[in-house]
Amino acid sequence: MKMKDCIFCKIANGEIPAATLYEDQDFRVILDLGPASKGHALILPKAHFENLYELPDDLAGKALILAKEVTKKMKKVLNCDGYNVVQNNGTAAGQTVFHFHMHLIPRNENDGVGITWEPG
Ligand code: 5GP
Ligand code: ZN
């Protein structure tokens, strides 16, 4: 089911353009508009589920397998050293778009992504 006014429903179903890395009948994988690192991608189901707990188990399994495939491809294309696979549930956890998505974030040794320090 699609949800009216959900930006990721529109992107996943091709109504709003996004840089697409992969697409099948259940998912679209896109580049994040505000990347944490070069190649930061998002796995979006085409149907609307607010979070991991609403996502049916068969799609949860497929999403994780897709995460493995896409990150393997990232390694080939970007030659990165590692990845974060991140999935936020709830505002307290940093979720800002309430359509399930999985972040795939390429990482390199000492890239500083996610590190904060006191200024001065
Ligand atoms: P969350 O914080 O909900 O886990 O992640 C939402 C992610 O979606 C953020 O990393 C944000 O940059 C990304 N995002 C939000 N709106 C858009 C959009 O319209 N297009 C794309 N490609 N990414 C988006
Ligand atoms: Zn949606």
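I began with helix α2, residues 57-78, in this predicted model. I found that α2 lies across β1, β2 (27-31), β3 (41-45), β4 and β5. Against β5, the helix runs at about 20 degrees.

Next I looked up the sheet itself. I noted five strands in an open sheet, in the order β1-β2-β3-β5-β4, with antiparallel pairing. Which strands are at the edges? I found β1 (20-23) and β4 (82-86) there, each pairing on one side only.

I counted five bridges between β4 and β5, the latter covering residues 102-107, and the two run antiparallel. What stands opposite Val 86? I found His 103, in β5.

I turned to ligand 1. Around ligand 1 I listed Ile 7, Ile 11, Ala 18, Ile 30, Asp 32, Leu 33, Gly 34, Asn 88, Gly 94, Gln 95, Thr 96 and Val 97. How many residues of each class are in this shell? I have six nonpolar, five polar and one charged.

Last, I checked the record. The unreviewed UniProt entry places the feature "domain: HIT" at residues 7-114. For that span I noted 26% helix and 23% strand. The C-alpha atoms at the ends of residues 7-114 lie 26 Å apart.

How values were computed
Residues are numbered from 1 along each chain as its sequence is written. Chains are lettered from A and ligands numbered from 1 in the order in which they are written. This is a predicted model: local features need pLDDT of at least 70, side-chain atom pairs count only at pLDDT 80 or more; totals for chains, interfaces and linings use all residues. UniProt positions are given in the numbering used here, feature names are shortened, and annotations may be inferred rather than shown by experiment. Helices (H or I, at least four residues) and strands (E, at least two) are DSSP runs, numbered from the N terminus. Two strands pair if DSSP finds at least two bridges between them. Two residues are in contact if their C-beta atoms, placed from the backbone, lie within 7 Å. Axes are lines fitted to C-alpha atoms, for helices over the stretch in contact, and angles run from 0 to 180 degrees between N-to-C directions. A residue is near a molecule or strand if its C-beta atom, placed from the backbone, lies within 6 Å of it. Ala, Val, Leu, Ile, Met, Phe, Trp, Tyr, Cys and Pro count as nonpolar, Asp, Glu, Lys and Arg as charged, and the others, Gly among them, as polar.
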